Amino acid sequence: MSLVYFTVARKSYAGNLQYRWAHMANNVGSFVFGLLYISFWVALFRQPSAAETGLSELGYSAQVMRGYIAVAQVTLWVTFFASPGLLIGRLIRTGEISMELARPVDFFLYTIAKEAGRLYYGLVHRSLPMLLMFALTVGFPRPASVVCALGYAAAVLIGAYNTLCMNYLVGATGFWTKDITWAHRLLYSAAYSLAGTMIPVEIYPSALGRIAQYLPFAAQCYYPVEIYLGLRSLPYLLIGLAWGAALTVVCRKVTALGRRRLEVQGG
Amino acid sequence: MKEFLRAYCLLVATSLRSAMQYRFSFVATTVGSGLIGLVDFLMLAAVLLRFKAIDGWNVYEVALLYGTSAAALGLFRTLGSQIYEFDAYLVNGELDSLLVRPWDPLFLLLARKFDAGRIGQPMHALIVTVLAAVHLVRSGALSPLAAALIPLCIVNGTLVYAGISIATATVGFWTTRIDDLQTITIYAPSTAAEYPLSILPGWLRGLLHTILPVALTNYLPLLYLLGKGAPWYILPVCLAATGFYLVLVWRFWQYGLRKYNSTGS
Amino acid sequence: MVEVTGLRKEFFIPQRRGGLFGAVRGLASRAGRTVVAVDGINFSIVAGEFVAYLGPNGAGKSTTIKMLTGILHPTQGAVRVAGFDPTLRRAEVARRIGVVFGQRTQLWWDLPVLDSYEILQRMYRVPRAVWSKRLADLSDLLGLSGILDAPVRNLSLGQRMRAELVGALLHDPPVLFLDEPTIGLDIQAKERIRSFLAEINARGTTILMTTHDLGDIERLCRRIILINHGKIRYDGALEALRRELGLPTVLTVEFAGQVPPGISSLFAGRAEFSATGATTAEVRFDRSSLTAGAVVNALNDLGEIRDIHLREPAIEEIIRRLYG
């Protein structure tokens, strides 16, 4: 039975291949964003007031941030950029949702398997080229240790899974309201900042900085990067894992409710 | 030209009227998208405050950079949305429908849609700009006269983004799809313009002063207006440069259009 | 109104090669083949005519129309529409033509129909009073009063076509180009549009229409220009064409009992009979000399009819017949 999901993922990967040249152009754009963020941090640490910010005590410096941004930009393509609402909204609008729900597979697993294939495509055709671009120019850091590298791999899987669940929930709101672009844009913006894509979340002021470290968004980028660089130890993976488990439960419940709603309401 | 402006005003009025019919949704989207952008900026500002300044630009000055850049781009995406989405016209063959009308297709694209739904973005950016400007005027970093020139900068910025977008759309005559190219030509440069361009490596800075001249939208004018050392004539130079850029872009567009006339879709 | 001389259009199709190296080589070399879409055609349409422009897909039909409206520039030859060359004076030609593309809309999708018309009024510099009167007139002819306030995206296909037609005629162009105007519509809607077009043509608008619908042609056009493989195959009247080809209408009849033997002597010379089964037969006749009603009545006199079916030769058949 699990073979079905693997096949679905594989087909999704293959389907994305035809766009790889367009995506190359996009990669360059992303790379420029990375350069921008790196320039931002380098300039910040050049400030005379940099020493008083307390950031070096936390382990940050211009050099560290160079590495942080590079790893973050590479990681994002697997752990962050998923299809909006996993395209469930589109299925609902076109009415295909009834057909998809009627398939003899678990809708939740099926939907995330489709997206997983796309994320794998992102790994090969976006993350790896980006890694090369960074390595050949401003430099891409080595993992702090073998343990850190393995921890990173685990963190990436956990982060990707959380992203899939969160996008799934956004898409699932489409069972109840027609317009989900709202929900998606809100989540996307919040997530992008709270995931620590440009600013390590612990640096955010006061309460926000403290809370953000325990939100699921942190698992999308912040923890993978920090574990890779050796700034955080492996036990922090548990935060992402806990959220993954919780989100799974919510997703399954929402699917059941959504299914029932559709059966009552019609397409 | 006059008839175009009259037709365009009618389009704006009628689009707003249509959007207002779904009043709640319109207001919600506008406020919502505005808030999102605002919150993003606030988080960045918080970090900036910790460092006090970046490359000599304090938080309020960076807020001004951010506001003017986002407002210029936001205004363009509202007014010229169809240029931004030009590849749809190439993919569907809809460009042909434009070519049978008596105006240049570029003006038709402008007049095709006024994206009232996007107005939240420039609105929140303008709020940030005004708040930052007020604070800077009070603290003496910005003279009231200079502050009065900021709207002119934003208008100039909108024209620059229009130019970049038209140039990108023209490339579509050869590649058909341009949305991925736009990440490089519009999305990345406009984000870069939210920060002082001096933080960027030389080659990138040069690029953003020439081929994708977002430096004209806010950085260069503000170097003078905020008293950071640029001479007064940098302002007319920026305006002239925008005009020159638009002329070049217009020529490029005509060249692309001729290519389309020759080879079709 | 429309003059086409020696019109030729070639397209260069570069050879596509896959892979990274293929793409790079594609930039350098210019290997590929030249396709001739329109191969030196000539025709002339005078004011007030209603011409059908026919041809199978890929025949060069849309390419010709695109050159007439200024969308494409010819490789060779001359075009004049309403006195101007669309390649050199596209805007002047645009002001003097109306264009309706069958499935695509030219109106503003999200706005009410009336708002689109107002924008067009400004675009084509139609004086307000003239515009109002014309709108009232056309709207009356096509029954638009109910839909003027509706956004275009909410209209049905039939309503949209009517709105498009009015939009194309608001500036009173001397020439109207139509691309499949009745496609996808039901009989009633088709008839409505056809009578509208007949009226407009009677008032002096020259119309060039591409269509696959024989009903359109029979009702509206006196002249057919047929294009295939880039060349004009026929330029003249429909009846003359049918007569020339001898393509009859086919009536299939199913009798309650056996096919009556006297059937073959009916309408001797003007109709052909062949039995296709024990109870069914086919009658081929020319509708211009013998009405379907007369045939059916005669058959009915011979024996009780259970079912009849009438078939007109399709455009494609005419075209196929036209050159083997």
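1. Let's start with chains A and C: no contact joins them, and their closest C-alpha atoms lie 9 Å apart. Please keep in mind that this is a predicted model. Two pairs of chains are in contact, and chains A and B are the pair that shares the most contacts.

2. Now for the contact between chains B and C. Chain B puts in 20 residues, and chain C puts in 24 residues. On the chain B side, the elements that give two or more residues are helix H1 (2–21), helix H6 (95–99) and helix H13 (234–263). H1(B) supplies the largest share of that side, with eight residues. By residue class, the side of chain B that touches chain C has seven nonpolar, eight polar and five charged residues.

3. Along the principal axes, the C-alpha atoms of chain B fill a box of roughly 55 × 45 × 35 Å.

4. How does the radius of gyration of chain B agree with that of a compact globule? A compact globule with 265 residues would have a radius of gyration near 18 Å, and chain B has 19 Å, so the two agree. Buried residues account for 50% of the 265 residues in chain B. Of the contacts in chain B between residues at least 6 apart in sequence, 75% join residues at least 24 apart.

5. Finally, chain C is divided into domain 1 (2–242) and domain 2 (247–322). The centres of these two domains of chain C, taken over C-alpha atoms, are separated by 38 Å.

Conventions:
Residues are numbered from 1 along each chain as its sequence is written. Chains are lettered from A and ligands numbered from 1 in the order in which they are written. This is a predicted model: local features need pLDDT of at least 70, side-chain atom pairs count only at pLDDT 80 or more; totals for chains, interfaces and linings use all residues. Two residues are in contact if their C-beta atoms, placed from the backbone, lie within 7 Å. Helices (H or I, at least four residues) and strands (E, at least two) are DSSP runs, numbered from the N terminus. Ala, Val, Leu, Ile, Met, Phe, Trp, Tyr, Cys and Pro count as nonpolar, Asp, Glu, Lys and Arg as charged, and the others, Gly among them, as polar. Domain bounds come from an automatic or database domain assignment. The radius of gyration is taken over C-alpha atoms; the globule rule is 2.2 Å times the number of residues to the power 0.38. A residue is buried if 20 or more other C-beta atoms lie within 10 Å of its own, exposed if 12 or fewer, and partly exposed in between; C-beta atoms are placed from the backbone.
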